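Here are some notes to read alongside the model you are about to open. Take them point by point, with the viewer at hand.

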Amino acid sequence: MRNKIPRVPVREQDPQVRRGNFEEVCYGYNSEEAMLEATRCLQCKKPSCVGACPVSIKIPQFILKVEEGDFAAASAIIAEDSSLPAVCGRVCPQESQCEGSCILGVKGEPVAIGKLERFVADWSRENKVKFTDVKPSNGKKVAVVGSGPAGLACATDLAKEGYEVTIFEVLHEAGGVLQYGIPEFRLPKESVVKTEVDNVRALGVKIETNIVVGRTVTIDSLLDDEGFEAVFIGSGAGLPKFMNIPGENLNGVVSANEFLTRNNLMKAYDPSYDTPIYVGKRVAVVGGGNVAMDAARTALRLGAEVTVIYRRTEKELPARVEEVHHAKEEGINFMMLTNPTEILGDERGWVKGIRCQKMELGEPDESGRRSPIPVPDAFFDTQTDVVIMSLGTSPNPLIASTTPGLETNKWRCIVADDDGKTTREGVFAGGDAVTGAATVILAMGAGRKAAAAIHEYISSKKR
Amino acid sequence: MYKILKKEQLTPIIVLMEVEAPRLAASAKPGQFLIVRAHEKGERIPLTVCDYDTDRGTVTIVTQIVGASSRQICHLNQGDSFVDFVGPLGKPSEFTELSDDELKSMRFLFIAGGLGTAPVYPQVKYFHSKGAKVDVIIGAKNRDMLIFENEMRAVADNVYICTDDGSAGEKGLVTDVLARLMENGEQYNHAVAIGPMIMMKFASLAAKKHNLPIIVSLNTLMVDGTGMCGACRVTVGGKTKFACVDGPEFDGALVDFDEAMRRQGMYRTIESEADHKCKIGLGE
């Protein structure tokens, strides 16, 4: 019988302290805590957690090694399936994936799989454990567009298989959304993101930054002129949505993408960096997803009083429960069942408030959530200096518009099958560019599937 | 790293640089822009592609000191490198789609303001090489801010110079020259204005008055320059556009310049703390 103890709690930075800094909220387990938590795993013969993991990490096996104190072996098991464990251990929605299907969760609390993964990854980094085993080069070149989770996962598997992989990244740092989107206090850039990107480089993957695929080069020039046998497009969903309501172009209205990019990629919170950011005294964040929570908690740390405005109720918030909980602990206000109808400006063209309409919940919509319905004539104004629009993102149309024959759907997403095959021969795609904005781990899963399909495509071409 | 192969001080505050960027040089087209970072902690600064040489693999940029970041750029020397130099960004000028035959029979009027003269020059050179007729109005604050005068004279049919203080050419604004040309019955197929927002606003108003179609190139705020941030939002014909991916060139008659100028000032308070003094008349 396994150890019937409660889930080992994880240490976190005090909310009153962390609301004033950008250091990581969660400290993670130490080795004693991790080994103790690992004893809770039932070591199921048919583990449902593995099936619920988009990259199929061999969860019971690595947890057993943690329990035995053989962290290097645990790390090797994870590395077979994931190149970004320190990232995933931090940002995966484990509650709806591995931990959500853990048998222990039926009656009590599931094994803290995410925290264990994070512990193993952090231990490996601190102890400089690296996995650089790759098959000998087969001389075949594959191009990967975008160095976010999908691209990194695809590049990793192809490099291990012996391909010469070059990733083309438009920004000046590799990592995609891990760099520009997710804040430092959830995902440290220097220690975690850069290290895991460097681990991918250590497999022989080249990363060329500052390349705009669709402008500097095109998919066709990569295939025809540069000798790449296949291309994987993992360009993400980077285009911000706005509400198209009056006053949205006033000074002080920004997209969550702009706000987070200034702070994360450009490090505006650090006075030694040049990029400016503006929060004023009061910030309103419109939206209820993880990005909205990230923007709200970033604005709070920059010194503003922050309110999240969401048109449904807390129950329907798309953000992870953990993020909402952290945001509340830190003192973020939530204004539910509220929808902005106009941004109000002063005589100089700066935001001074938002006109909102009260909402109520109606019947469930196609997403299964109860849909918000405006309450007639129930308008009110609220004061704010800055409005951050966090309404989701859609894929950038640049690549599709410069690649003849590459089909997209009405949401501008690239059309691809389950293996990532697009409507163009030799061109594969996966991650947010195909699905629209989703999670890091789903993008990684898509990158891995596409890597397998690319291997099969190139191998069959040779014959 | 992107090495500066040549640096030329055009005026005390305007600098021309030829930068080694082979991929960019091979893909750039007139009307597009690029983004540079001078150092690891620097801002991403959008600049118009002023010229490019595919054979040498170089791209020419021209920068004027207007704030802390442009000062850092201007203070780099020949042999130094930019940490980042990315592009080309934005759509090429729609005139690049015209055939040589079409261009041969066309006549253009370019209106260049200050630093905007730099990106105008290669376009004029391009049109001239295709057999089109091109006149150019160059407006500058004073003689010290006047650039590319001789180069322009070599490729344009007529060059009209005006300065705010009369220290070079005639004393007056580009719109005065434009009005006079129109009143004299000069005929053009199209005008193109590149320069400070305020100049493009009044050039567009004047062109509209004379039913002259006009294209402007908007130098809005940007972070990534690829459509991600939306800092460059501009209202064109009542619709919100992103200058970085929908532009940077737009129909001047349709642009809401007052909003665009106001939005340019979004970070000015912060910038002025970081040693910003506008020398081109914006925000005055």
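Predicted model: local features only at pLDDT ≥ 70, side-chain atom pairs only at ≥ 80, totals over all residues.

1. Residues are numbered from 1 along each chain as its sequence is written, and chains are lettered from A and ligands numbered from 1 in the order in which they are written.

2. Have a look at helix H4 (residues 59-67) and helix H8 (residues 113-126) of chain A, which pack at about 60 degrees with axes 11 Å apart. Helices here are DSSP runs (H or I) of at least four residues, and strands (E) of at least two, numbered from the N terminus. Axes are lines fitted to C-alpha atoms, for helices over the stretch in contact, and angles run from 0 to 180 degrees between N-to-C directions. That angle makes H4(A) oblique to H8(A); under 35 degrees would be roughly parallel, over 145 roughly antiparallel, 65 to 115 roughly perpendicular, and the rest is oblique.

3. Which residues make that contact? From H4(A) they are Ile59(A), Phe62(A), Ile63(A) and Val66(A), and from H8(A) Ile113(A), Leu116(A) and Val120(A). Being in contact takes C-beta atoms, placed from the backbone, within 7 Å. By class there are seven nonpolar residues, no polar and no charged ones. Nonpolar covers Ala, Val, Leu, Ile, Met, Phe, Trp, Tyr, Cys and Pro, charged covers Asp, Glu, Lys and Arg, and the others, Gly among them, are polar.

4. Still in chain A, five strands form an open sheet with parallel pairing, in the order S3-S2-S1-S4-S15. To pair, two strands need at least two DSSP bridges between them. Strands S3 (206-208) and S15 (427-429) of chain A sit at the edges, each pairing on one side only. From one strand to the next, the twist averages 20 degrees. Strand S4 (residues 230-233) of chain A joins S15(A) through three bridges, with Val231(A) opposite Val427(A).

5. Over in chain B, strand S10 (residues 133-140) runs parallel to strand S11 (residues 158-163), joined by six bridges. Asp135(B) stands opposite Asn158(B). S11(B) also has two bridges to strand S12 (residues 170-171) of chain B, again parallel, and there Thr163(B) faces Lys171(B).

6. Finally, the two chains meet: 34 residues of chain B are in contact with 30 of chain A. On the chain B side, S8(B) gives the most, with six residues. That side divides into 14 nonpolar, nine polar and eleven charged residues.
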